Number of protein chains: 2
Amino acid sequence: MPAEIDFWFEFASSYSYPAAMRIEAEARARDVRVNWRPFLLGPIFRTQGMQTSPFNIFPARGRYMVRDLARVCHELGLPFRMPTPFPQNGLLAARCATALADEERPDFVRAIYAVEFGEGGAISDREVVAKVLAACGHNAEAVLEQAGTDAVKDALRAATEEAAETDVFGAPTFVCSDGELFWGNDRLESALDWAERFARR
Amino acid sequence: MPAEIDFWFEFASSYSYPAAMRIEAEARARDVRVNWRPFLLGPIFRTQGMQTSPFNIFPARGRYMVRDLARVCHELGLPFRMPTPFPQNGLLAARCATALADEERPDFVRAIYAVEFGEGGAISDREVVAKVLAACGHNAEAVLEQAGTDAVKDALRAATEEAAETDVFGAPTFVCSDGELFWGNDRLESALDWAERFARR
């Protein structure tokens, strides 16, 4: 059985940015296949009584996150700029990511994150999403239209419910085939190591 | 100027346990001096509107913390057992840590964490704290008496205020001489690397 990992990401999540940028190289080094799983944190946060990001609810934590993420990105050689407002509404981008085929998804996701946290761009803007789609070689209007269909909306809603049932409470989250769950960009290597070991058994 | 780092810890904090157990070896390897700073997270959490640990407020995060910390401790070869109830009331232990001299503090702090998260012991129990003090070679009753004085209570209160003013919002937190702040056991190495680089400038 080849090793696999579910990579749950949310476009509003700042630490999902470095995770998305580096997961494929780290996974390839361990021969692990990555399933890119877009979902929405909003509904999960709301069941926990939070109406916005914990980084906004707890300002000292929010200030720290910006500084810490700047250090993390500097270390990785990634450009970093926080978008305003934060968090960005990533619903449209998440629907587009859902609409795309599995093999088309990673490029689009990385390109969205690069605009959002590399340039501080407004990914809630339909024009911005359209530009990213086009830059990835897609027919932007066709994908955006598909993203607005009930089938895609339902699929994203189902993914979010699956995430909640899997005990996902933040992003990025990595879930191995045996159910072992790892939260946070810091745990990417541990998660992939676990997935690789599980597949070898 | 020799490199220094403030290590802010809280006895109720689960991730402070591995940090306390390994900070001296990591600091020594970089020639960094550690200032062990006990403080209380309760007053800081309350100004953020939280009446208990975020791990209790958000159950999925709490379940994950226990699993994650078990993995972290396993990796470090540290015994791990969660105390009941969690969080433990660490006020008495924090006052004792405050009462002790700087050079006596690390041994006592490690011994308390070893009982609390290595054995799942009740460190809110005066008898348990007394035993730990005695095991560290102290006159337990004398330290406990000193821990109850206004001077010690005021010193711990002042430390907590200093932590809040420094933007400490969780534990463990590491603060370098230039004010650079790192949060979490995961950031111990980065914090010490930073402290070492700053001292070299």
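Which side chain of chain B makes a polar contact of 2.8 Å with the side chain of E180(A)? That of R71(B). Keep in mind while reading that this is a predicted model. Here are my notes, starting from that residue.

1. **E180(A), where it sits.** You'll find E180(A) in the loop that runs between β3 (173-176) and β4 of chain A. It is a charged residue, yet E180(A) counts as buried, because its relative accessibility is 11% and the cut-off for buried is under 20%.

2. **E180(A), what it touches.** Besides the R71(B) pairing at 2.8 Å, the side chain of E180(A) has a polar contact of 2.7 Å with the side chain of R67(B). If you set aside neighbours within four places in sequence, the contacts of E180(A) are F174(A), V175(A) and W194(A) from chain A, plus R67(B) and R71(B) from chain B.

3. **The interface as a whole.** Zooming out, 20 residues of chain A are in contact with 20 residues of chain B. About 2,100 Å² is buried between chain A and chain B, and carbon and sulfur atoms give 49% of that area. On the chain A side, the residues that lose the most area to chain B are F58(A), Y64(A) and R187(A), which together make up 28% of what that side buries.

4. One to look up in the viewer is D186(A) with R187(B), whose side chains meet at 3.1 Å, N to O.

5. **Which elements do the touching.** On the side of chain A that touches chain B, α4 (59-76) and β4 (181-183) are the elements that give two or more residues. The largest share comes from α4(A), with eight residues. Sorted by type, that side of chain A has 10 nonpolar residues, one polar and nine charged.

6. **Cysteines.** How many disulfides are there over all chains? The count is zero.

7. **Helix α5 of chain B.** Now for a look inside chain B. Helix α5 covers residues 91-99, and its buried residues are A93(B), A94(B), C96(B), A97(B), T98(B) and A99(B). What do the buried residues of α5(B) pack against? The partners in chain B are strand β2 (32-38) and the helices α6 (105-118), α7 (126-135), α8 (140-147) and α9 (150-165).

8. **N35(B), on strand β2.** One residue of strand β2 of chain B is N35(B). Is N35(B) buried or exposed? It counts as buried, because its relative accessibility is 18% and buried means under 20%. The side chain of N35(B) makes a polar contact of 2.9 Å with the side chain of D6(B). Apart from neighbours within four places in sequence, N35(B) is in contact with E4(B), I5(B), D6(B) and F7(B).

Key:
Residues are numbered from 1 along each chain as its sequence is written. Chains are lettered from A and ligands numbered from 1 in the order in which they are written. This is a predicted model: local features need pLDDT of at least 70, side-chain atom pairs count only at pLDDT 80 or more; totals for chains, interfaces and linings use all residues. Side-chain values use heavy atoms; hydrogens and water are left out. Contact means heavy atoms within 4.5 Å. Buried area is the accessible area (1.4 Å probe) that two parts lose on being put together, summed over both. A salt bridge is a side-chain nitrogen of Lys or Arg within 4 Å of a carboxyl oxygen of Asp or Glu. Helices (H or I, at least four residues) and strands (E, at least two) are DSSP runs, numbered from the N terminus. A disulfide is a pair of cysteine sulfur atoms within 2.5 Å. Buried means under 20% relative accessible area, exposed over 50%, partly exposed in between (1.4 Å probe, protein chains only). A polar contact is a pair of N or O atoms within 3.5 Å; within protein, one must be able to donate a hydrogen and the other to accept it, and residues adjacent in sequence count only if both atoms are side-chain atoms.
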